[in-house]
Amino acid sequence: MLDIQRTIKDLRRPKLLVRAARLGADLYKRDRDLRPALGKEPSRRQTLGALLSAEGDMEAVRLLGNGTYSAEKHIRVLTALIAEARIFSRLRPA
């Protein structure tokens with residue numbers, strides 16, 4: 001996960017979904033927002049992988065047009081993914 005920013009940038013999602021997640025990432029608070037996004041709180045080391053996996057699963061459901069898809073939940077996960085990637089980038093040694 002050395003280049004998580006590129007991985008996120010390469011995701012192709014609807015513009016409205018991404019725009020909402022980016023706005024949410026500016027207001028993100030890990031203690032408040034991570035558990036609702038994932039249903040659990042993984043270790044710092046596992047967070048980005050868990051978020052990428054959850055987002056990929058949600059995208060698959062969205063593309064299927066399945067009635068179980070929740071745009072709200074997808075935005076929550078994307079928001080957490082973007083915010084956690086920002087945190088990771090700041091903590092990573094240069």
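Contact here means heavy atoms within 4.5 Å. I note at the start that this is a predicted model.

**Entry 1: Thr47**

I looked up Thr47 and found this residue in helix H4. Is Thr47 buried or exposed? Its relative accessible area is 1%. Buried means under 20%, so Thr47 is buried.

I then listed what Thr47 touches, leaving aside its neighbours within four places in sequence. The list is Arg30, Leu34, Pro42 and Glu84. With Arg30 there is also a polar contact, side chain to side chain, at 2.8 Å.

**Entry 2: H3 against H4**

H3 covers residues 30-38 and H4 covers residues 44-64. Their axes come within 11 Å and cross at roughly 45°. Angles under 35 degrees count as roughly parallel, and 65 to 115 as roughly perpendicular. H3 and H4 are therefore oblique to each other. The crossing of H3 past H4 is left-handed.

Which residues in H3 and H4 meet? From H3 I wrote down Arg30, Leu34 and Leu38. From H4 I wrote down Arg44, Thr47, Ala50, Leu51 and Ala54. Sorted by class, this contact has five nonpolar residues, one polar and two charged.

**Entry 3: H3 against H5**

I turned to the packing of H3 with helix H5, which covers residues 71-91. The axes of H3 and H5 are 9 Å apart, and the angle is about 130°. Over 145 would count as roughly antiparallel, so H3 is oblique to H5. H3 passes H5 in a left-handed crossing.

On the H3 side, the contact is made by Arg30, Leu34, Pro36, Ala37 and Leu38. On the H5 side, I found Lys73, Arg76, Val77, Ala80 and Glu84. By class, I have six nonpolar, no polar and four charged residues for the contact of H3 with H5.

I went back to Thr47 with this list.

**Entry 4: Leu16**

For contrast I looked up Leu16, which is found in helix H2, residues 15-26. Is Leu16 buried or exposed? I read a relative accessible area of 65%. Exposed means over 50%, so Leu16 is exposed.

I also checked a distance from Leu16 to Ile87, a residue 71 places away along the chain. The C-alpha atoms of Leu16 and Ile87 are separated by 23 Å.

Notes:
Residues are numbered from 1 along each chain as its sequence is written. This is a predicted model: local features need pLDDT of at least 70, side-chain atom pairs count only at pLDDT 80 or more; totals for chains, interfaces and linings use all residues. Side-chain values use heavy atoms; hydrogens and water are left out. Axes are lines fitted to C-alpha atoms, for helices over the stretch in contact, and angles run from 0 to 180 degrees between N-to-C directions. Helices (H or I, at least four residues) and strands (E, at least two) are DSSP runs, numbered from the N terminus. A crossing is left-handed if the near helix is turned anticlockwise from the far one by less than a right angle, and right-handed if clockwise. Ala, Val, Leu, Ile, Met, Phe, Trp, Tyr, Cys and Pro count as nonpolar, Asp, Glu, Lys and Arg as charged, and the others, Gly among them, as polar. Buried means under 20% relative accessible area, exposed over 50%, partly exposed in between (1.4 Å probe, protein chains only). A polar contact is a pair of N or O atoms within 3.5 Å; within protein, one must be able to donate a hydrogen and the other to accept it, and residues adjacent in sequence count only if both atoms are side-chain atoms.
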